[in-house]
Amino acid sequence: AAQRISLDVWEDGKRTLNPMAGWSWSDIIAYADAKGVPVNEGHNFAYRAQAPIEATKRHLPNLPWEKVPLGKPFWQCTEKELKGDPAAPITYVFKSFGDIHTTVPVEPHESERAG
């Protein structure tokens with residue numbers, strides 16, 4: 001499937017307004033934290049795995065990872081809180097601020113489009 005690499009603020013053909021089109025990930029989480037914006041509970045979990053799981057398979061049930069409650073959005077966590085002790089080799093999180101049912105977890109340094 002084709003992926004967008006840019007997003008216009010106004011998409012005339014779809015008559016769609018994308019007011020955050022020019023925002024970076026850092027802009028979004030800084031605003032959410034500063035304004036106390038409620039975020040999807042899915043952001044409060046880490047998925048720790050011993051080996052990489054292909055992005056195209058991360059939606060499947062019974063994956064070889066451990067879902068760990070963080071108690072806060074993952075971006076507010078230290079690396080040790082995300083990875084655990086001892087540190088998991090691979091850690092995934094949900095980054096999408098949209099519908100997490102249409103995305104899969106990605107590594108914290110990856111774009112949500114990586115999944």
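Analyst: The protein has 2 helices and 5 strands, where helices (H or I, at least four residues) and strands (E, at least two) are DSSP runs numbered from the N terminus, and along the sequence they follow the pattern β-β-α-β-β-α-β. This is a predicted model, in which local features need pLDDT of at least 70 and side-chain atom pairs count only at pLDDT 80 or more, while totals for chains, interfaces and linings use all residues. Residues are numbered from 1 along each chain as its sequence is written, and side-chain values use heavy atoms, with hydrogens and water left out.

Of the 115 residues, 32% count as buried, a word that here means under 20% relative accessible area, with exposed meaning over 50% and partly exposed in between (1.4 Å probe, protein chains only). Among the contacts with a separation of 6 or more, 50% come from residues 24 or more positions apart, a contact being heavy atoms within 4.5 Å.

Turning to the rings, a search of the whole structure finds 7 aromatic pairs. Rings of Phe, Tyr and Trp (its six-membered ring) pair if their centres lie within 6.5 Å, and planes under 30 degrees apart count as stacked, over 60 as edge-to-face and the rest as tilted. One of these pairs joins W25 and W75 in an edge-to-face arrangement, with 5.9 Å from centre to centre and 85 degrees between the planes. This pair connects distant parts of the chain, since W25 belongs to helix α1 and W75 to the loop between β4 (65-69) and α2 (79-83), 50 residues apart. W25 is partly exposed because its relative accessible area is 23%, whereas W75 counts as buried because its value is 16%.

W25 also has a charged neighbour: the charged end of K95 sits over its ring, 4.8 Å from the centre. Such a placement requires NZ of Lys or CZ of Arg within 6 Å of the ring centre and within 35 degrees of the ring normal. Elsewhere, ring pairs link Y47, W65, Y92 and F94 into a cluster.

T91 lies in strand β5 (residues 90-92), and it counts as buried because its relative accessibility is 2%.

At the surface, M20, W23, Y31 and V37 form a nonpolar patch with about 350 Å² of accessible area together. Patches are made of residues with over 30% relative accessible area and no salt bridge, like charges being joined within 9 Å and nonpolar side chains (Val, Leu, Ile, Met, Phe, Trp, Tyr) within 5 Å. Y31 is found in helix α1 (residues 25-35), and its relative accessibility of 41% is why it counts as partly exposed. For the whole protein the accessible surface comes to about 7,700 Å², of which 53% belongs to carbon and sulfur atoms, areas being taken from the Shrake-Rupley method with a 1.4 Å probe and, for residues, with only the protein chains shown as cover.

Charged side chains also meet one another, and the search finds 4 salt bridges, each a side-chain nitrogen of Lys or Arg within 4 Å of a carboxyl oxygen of Asp or Glu. Among them, E81 meets K72 at 3.3 Å, N to O, and D85 meets K80 at 3.7 Å, N to O, with both D85 and K80 exposed.
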